[in-house]
Structures are given as structure tokens and as C-alpha cells.
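Okay, thanks everyone, let's get going.

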Amino acid sequence: MNNEGLRYWNEGRYDLAEETLQQALTVGERDLGPNNVGVGIILVNLGLVYTDQGRYAEALDVFQRADPVLKREYGQNDPTYAQFLNNIGYAFLRNAEYMKAQQQFEQSLSIYDAAGVADTVSVLNGLSIGFRESGDLDAAETFATRALDEVESQELGWSHRGPVL
């Protein structure tokens with residue numbers, strides 16, 4: 001059901017995505033328990049649906065529920081956990097909570113850098129937008145330039161999912 005919910009989300013069919021993910025969550029919590037990593041992943045996916053619908057409080061609520069599960073499963077220095085923090089950052093960013101977004105993006109970037117992850121364009125872009133919207137244009141330009149440099153050095157091209165300013 002989780003994969004079906006993701007398919008609906010990718011198609012922009014948010015009502016069906018939410019309904020399917022809620023069903024998956026109910027079954028997962030019942031059969032696996034609320035602290036199972038599969039349940040944590042369903043919560044993250046539900047949070048992504050809520051974020052895209054503009055339901056940021058609900059998104060942040062399910063992200064908060066997923067946090068201890070993912071932190072325990074992956075560790076707080078794992079790139080998978082960093083991606084999760086990036087998702088939270090975008091929820092804050094889209095809700096115009098720029099300082100909170102920046103904190104999430106900075107923590108995510110720190111984890112990625114320490115792990116040697118080369119593809120950090122989405123995080124850099126989030127930081128650039130957050131700083132731009134909060135009025136720090138110099139920092140925004142620094143992160144936008146770093147994102148562009150990364151895209152060019154890795155030849156990610158237009159197929160890369162994260163937007164570049």
C-alpha cells in the first residue's frame with residue numbers, strides 16, 4: 001500500500017495518496033508496531049503528501065512521529081536521516097518558517113558532508129531559498145552558487161529532481 005500511495009503522490013492524486021498511506025499506516029502500526037522502520041517510512045511519505053497539499057502542521061506532526069524511529073534505525077549521522085531532515089526543511093520553508101528550515105538544511109548538509117555524499121543540490125537549494133526569503137542575499141548567493149557548481153561538476157543536467165536557482 002505504501003508504494004501505491006507513493007504512486008498516487010507522484011501523479012498528484014493527493015486525496016488517494018493520503019487515503020492509501022493512512023490505510024498502510026493503520027495496517028503497519030497494527031501488524032508491525034509503531035516503532036517499526038516501515039511505519040516510519042509511511043509516516044514520512046504521508047508528511048510529503050501533506051507538504052505538497054500545503055498542510056504543513058500535519059506534515060510536521062507526522063515527521064515528528066517518524067523522527068525517533070528513523071533516528072534509531074539509521075542513526076543521526078546517516079545520509080538517509082539527512083534526507084529526512086531535508087524533507088522537514090522543505091515543510092518549514094514552504095510554511096515561511098525560514099529559520100527553522102535553515103536549521104534542518106544545515107544539519108542535513110553537515111551529515112551529507114561528513115559522510116562524503118556528493119549530491120547535496122536539494123539541500124543547498126533549500127538553504128539558498130531560506131536565506132533569500134529571510135533577507136540574507138549574500139548567503140543565498142553562496143549556497144545557490146555552490147548548488148550550481150555541484151550540478152555542473154556532476155553533470156546532473158535537467159534530469160536531477162532538485163530544483164536549482
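So, starting at the N terminus, the elements of the protein go α-α-α-α-α-α-α-α. That's 8 helices and 0 strands, where helices are DSSP runs of H or I with at least four residues, strands are runs of E with at least two, and the numbering starts from the N terminus. The radius of gyration is 16 Å, close to the 15 Å from the globule rule for 165 residues, so the protein is as compact as a globular protein of that length. For that comparison, the radius is taken over C-alpha atoms, and the rule is 2.2 Å times the number of residues to the power 0.38.

A bit of housekeeping. This is a predicted model, so local features need a pLDDT of at least 70 and side-chain atom pairs count only at pLDDT 80 or more, while totals for chains, interfaces and linings use all residues. Residues are numbered from 1 along each chain as its sequence is written, and side-chain values use heavy atoms, with hydrogens and water left out.

How confident is the predictor? The pLDDT, which is the predictor's confidence in each residue from 0 to 100, averages 91 for the protein, and 93% of the residues score at least 70. Contact here means heavy atoms within 4.5 Å.

Now the overall picture. Along the principal axes, the C-alpha atoms fill a box of roughly 50 × 30 × 30 Å. Of the 165 residues, 44% count as buried; buried is under 20% relative accessible area, exposed is over 50%, and partly exposed is in between, with a 1.4 Å probe and protein chains only. If you take contacts between residues at least 6 apart in sequence, 56% of them join residues at least 24 apart.

On charge, there are 12 positive and 25 negative side chains, and the centres of the two sets lie 7 Å apart. Lys and Arg count as positive, Asp and Glu as negative, and His and the chain ends are not counted. Each charge is placed at NZ of Lys, CZ of Arg, CG of Asp or CD of Glu.

Let's zoom in on a few residues. Is Gly126 buried or exposed? This glycine sits in helix H7, and Gly126 is buried, with a relative accessible area of 0%. Leaving out residues up to four places away in sequence, Gly126 touches Tyr90, Leu93 and Phe105. Gly126 and Arg94 are 32 residues apart in sequence and 10 Å apart C-alpha to C-alpha.

Next, Thr120, in the loop between helix H6 (98-115) and helix H7 (121-133). Thr120 is buried, at 3% relative accessible area, and, again skipping residues up to four places away, touches Leu109, Tyr112 and Glu150.

Then there's Asn77, in the loop between helix H4 (56-74) and helix H5 (79-94).

Last one: Ala115, in helix H6, is partly exposed, at 41%. The C-alpha atoms of Ala115 and Arg7 are separated by 30 Å.
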